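Subject: Structure handover

Hello,

Here is the structure I said I would pass on, with the sequence. My notes on it follow below.

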Amino acid sequence: QKMADEVVLDGLPYIDREYSDPSLRKMVDRLVQQEMKTFRPPDYLESMPMPELEGKSVVVRDMFARKKPPPKTPFDVARYKVIAPKKNDMKLWEEALAKARTQLEHQSSRIINLELMKRYSTNSWKAYADQLVEHQELLSAGLKEVKTEVRELNRKRKASQLAVGPQIQSAEQKWLQYAYKNNELHIVNLELEKQVKKLRALAAQATS
């Protein structure tokens with residue numbers, strides 16, 4: 001059933017000239033648009049098994065087990081605020097002091113990171129830029145190679161299609177001639193069948 005539903009692409013773009021006709025092109029485009037409105041892509045992963053989750057991390061197993069993403073919870077920023085308590089409660093003051101120490105340590109870490117960045121980031125960014133340039137060169141070379149392969153493939157396709165083009169056109173002309181002759185023979189056969197029926201009817205009347 002699947003093989004029967006598959007579409008066989010037998011177009012020969014280098015020798016087919018039907019699409020050059022504006023009216024035919026308009027009709028084809030309209031049919032394509034109609035097909036796109038009703039097209040439902042198949043399940044391309046139907047024949048592929050689910051990945052083995054044994055030995056995977058808890059996060060990966062949980063990701064495949066969840067049908068819906070977990071609800072988003074708002075980010076708690078209260079612990080990053082240093083606000084003096086309004087009540088003379090020792091517990092509240094201790095919590096505020098702990099937050100202040102945390103923020104002080106955080107700001108100290110930021111200052112250290114800024115000093116390290118000021119000292120070493122220039123060379124680091126230069127090295128990263130060099131890596132990007134090298135990566136771009138590799139991708140450009142790969143893209144150029146693929147384009148060359150595509151041009152070579154299209155050249156071979158064009159040469160092969162043009163080589164067999166006259167044979168295909170000749171076969172098409174013969175097919176049209178045979179089809180026309182078959183239609184003529186079919187019409188003649190229909191006329192002969194009518195005459196035979198008439199003759200049989202006359203013969204039956206003569207013998208009765």
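Leaving aside residues up to four places away in sequence, Gln161 touches Leu12, Pro13, Tyr14 and Ile15. This is a predicted model, and the contacts of Gln161 should be read as coming from it. Gln161 belongs to helix 4, which covers residues 90-207. Is Gln161 buried or exposed? Its relative accessible area is 7%, and the cut-off for buried is under 20%, so Gln161 counts as buried. Other residues of helix 4 share that label: Ala96, Gln103, Ser121 and Gly165 are buried as well as Gln161.

Buried residues make up 3% of its 208 residues. The accessible surface comes to about 20,400 Å², and carbon and sulfur atoms account for 60% of that area. Among contacts with a separation of 6 or more, 41% are between residues 24 or more positions apart.

The secondary structure is quickly described. The protein chain has four helices and zero strands, and its pattern along the sequence is α-α-α-α.

Where does helix 4 bend? There is a bend of about 55 degrees at Tyr120.

The aromatic pair. The structure holds one such pair. Trp125 and Tyr128 form it, in an edge-to-face arrangement with 5.7 Å centre to centre and 80 degrees between the planes. Trp125 and Tyr128 are three residues apart in helix 4, so about one helical turn separates them. Trp125 counts as exposed because its relative accessibility is 56%, with the cut-off for exposed at over 50%. Tyr128 is at 43% relative accessibility and therefore counts as partly exposed.

The salt bridge. How many salt bridges are there? The count is one. The side chains of Glu152 and Arg155 form it, at 2.5 Å from N to O. Side chains of opposite charge can pair when their charged atoms come close. Glu152 and Arg155 are both in helix 4, three residues apart, or about one turn of the helix. Glu152 has a relative accessibility of 33% and so counts as partly exposed. Arg155, with a relative accessible area of 47%, is also partly exposed.

Regards

Note on methods
Residues numbered from 1 in each chain as written. Predicted model: local features only at pLDDT ≥ 70, side-chain atom pairs only at ≥ 80, totals over all residues. Heavy atoms only, no water. Helix = DSSP H or I, 4+ residues; strand = E, 2+ residues; numbered from the N terminus. Buried < 20%, exposed > 50% of the residue type's maximum accessible area, 1.4 Å probe, protein only. Contact = heavy atoms within 4.5 Å. Areas by Shrake-Rupley, 256 points an atom, 1.4 Å probe, with all protein chains shown as cover. Phe/Tyr/Trp six-rings, centres within 6.5 Å; stacked < 30°, edge-to-face > 60°. Salt bridge = Lys/Arg side-chain N within 4 Å of Asp/Glu carboxyl O. Bend = angle between axes of the 7 residues up to and from the residue.
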